[in-house]
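Morning, everyone. One structure today, and I'll keep it quick. Have a look first.

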Amino acid sequence: MRLAALIGAAAIGLVAAGCGTSSSKSVTTVVTVKQAAGAPASTAPRGQSTADVVARVLRGVVNVKTVGRNGSKGEASGVVIDRRGVILTNNHVVRGARTLTVSFNDGRHTHAVKATVLGTAAQRDLAIIRVALSDLVPVPLGHSSTLRLGDSVLAIGFPLDLGGGPTVTQGIVSGLDRTVHADNGPDLQGLLQTDAAINPGNSGGALVDAGGRLIGINTIAATQAENIGFAIAIDGARSVIDEILGKPAGRQAWIGVTFATVGSAAAAVQLGLQPDTRGAAVVAVFAGSPAAKAGLREGDVVVSSGGAPVRSSGAMAKALAARKPGDALVLDVVDQSGPRRATVTVGKRPASLGG
C-alpha cells in the first residue's frame, strides 16, 4: 500500500504549512532522545531522567511562525543547530512565506525574532534559517544510523497553536528507512518512523535520542492511522547542512548529491555489493543537478574520484572541495549491476537545492 493514501491529509498539511496557512494544517514535531555512546539508546544516561533531557533540549527547540504572500498564517517548529542563530526546519514550512519569525524557550529571548532563509533542499524537505542572535543553545547532533527498532524517543514541538509553550510526547522508533510518497510534495526516503504523537504544528521540530541528541527532523504525520509519524534522519541531513552553511550559494563547487559512508561489510552487503566495497554511497540526487545529468542514482557507490580512491563521504567531500565550478569530475561508481564511470561537470551550488 502506497503511503500516499495513508498520509494524504498529512501531505496536504505539509503543503499548507509551506504556504503559510493556519496552524491547524501544519505538521507536528517529534523529539527523540538518544543516549551517550556505549549505552543503549533506549535509556537515558545514568542519573538523568526524561524530564532532565527534555529541559535541556527545550532550549534549542523553537516556534516558527510564517506569513504567506497571500497573508495566510502558519505555525511550525525548528531546531537550533548553531549558537550563532542557525536553525534547521522543513522546506515546506518556509516555502511561500513572505515573513518568518522565531520564538524561543531559553528564558532569555522573550520576544519573537525575524528570520531569513539561508538555503533550502526541497527534495529532502529541509531548510536552514537564521536569526540575528549569537548566544543560542543548540541541540547536539546525534547519529540516526545507530538507532534500533524499539529505542525510546520523545517528541517536542508546538502542535495545534495551543499556546503556553511546547508539547512533549514519548514513544519508540517504530520503523527505519521508510519511504513516504506524499501526494503534495517530494517522495521522501530514509525516514524514521515513530509512534510518538505527531500533530499539526510540529513540522521542522526535533527528533532526539535518549541522550538529548538530534536524530531527526519531523516532517509528516499519518492522519488516517494512529501513532504513525515520520522524521528526516539526521545522517541524511548532514550533507545538506554542510552544503548550505559551507560557502555562499554560487561560489561552492557542487554536484547535487547527498553521500553516506560505506565503511563496513554489512553496509556494502545491504546495498547488494561485494562485502569488501568501500566508498561514498549516493543517498539522494537533487533534481536537475550536475550529478543527475551525469546519470548518478541513489544506491550508487563512488569508489574513486579522478583516479584517487574514495573510502568515505568525507573523502568525497574533500575531493569535491578541491574542484571549482566548470571542472570535469571523473567518478568510478559501482552498483548492483557492476562498475561504471561517470563524468560530472561541477556546478555552482544554488541557494535553493532541488526546487
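Pockets first, so here are the terms: on a 1 Å grid over the protein atoms alone, a pocket is an open set of points with protein on both sides within 12 Å along at least five of seven lines, and lining residues have an atom within 4 Å of a point. Grid points are joined across faces, edges and corners, and volume is the space filled by probe spheres set on them. The probe is 1.4 Å.

This is a predicted model: local features need pLDDT of at least 70, side-chain atom pairs need 80 or more, and totals for chains, interfaces and linings use all residues. Numbering starts from 1 along each chain as its sequence is written, and side-chain values use heavy atoms, without hydrogens or water.

The largest pocket comes to about 1,600 Å³. Its lining counts 44 residues. Nearest its centre are Asp-235, Phe-259, Ala-260, Thr-261 and Val-283.

Now the fold. Six strands (DSSP runs of E, at least two residues) close into a barrel, ordered β7-β8-β9-β12-β11-β10, with antiparallel pairing. Pairing takes at least two DSSP bridges. Strands β8 (167-180) and β9 (188-194) share four bridges. There, Arg-178 sits opposite Leu-191 of β9.

Helices next (H or I, at least four residues). Helix α5, residues 234-246, packs on the sheet and touches β11 and β12; contact is heavy atoms within 4.5 Å.

Last, confidence. pLDDT is the predictor's per-residue confidence, 0 to 100. The chain mean is 79, and 80% of residues reach 70 or more. Residues 1-42 fall below 50.

How values were computed: Axes fitted to C-alpha atoms, helices over the stretch in contact; angles between N-to-C directions.
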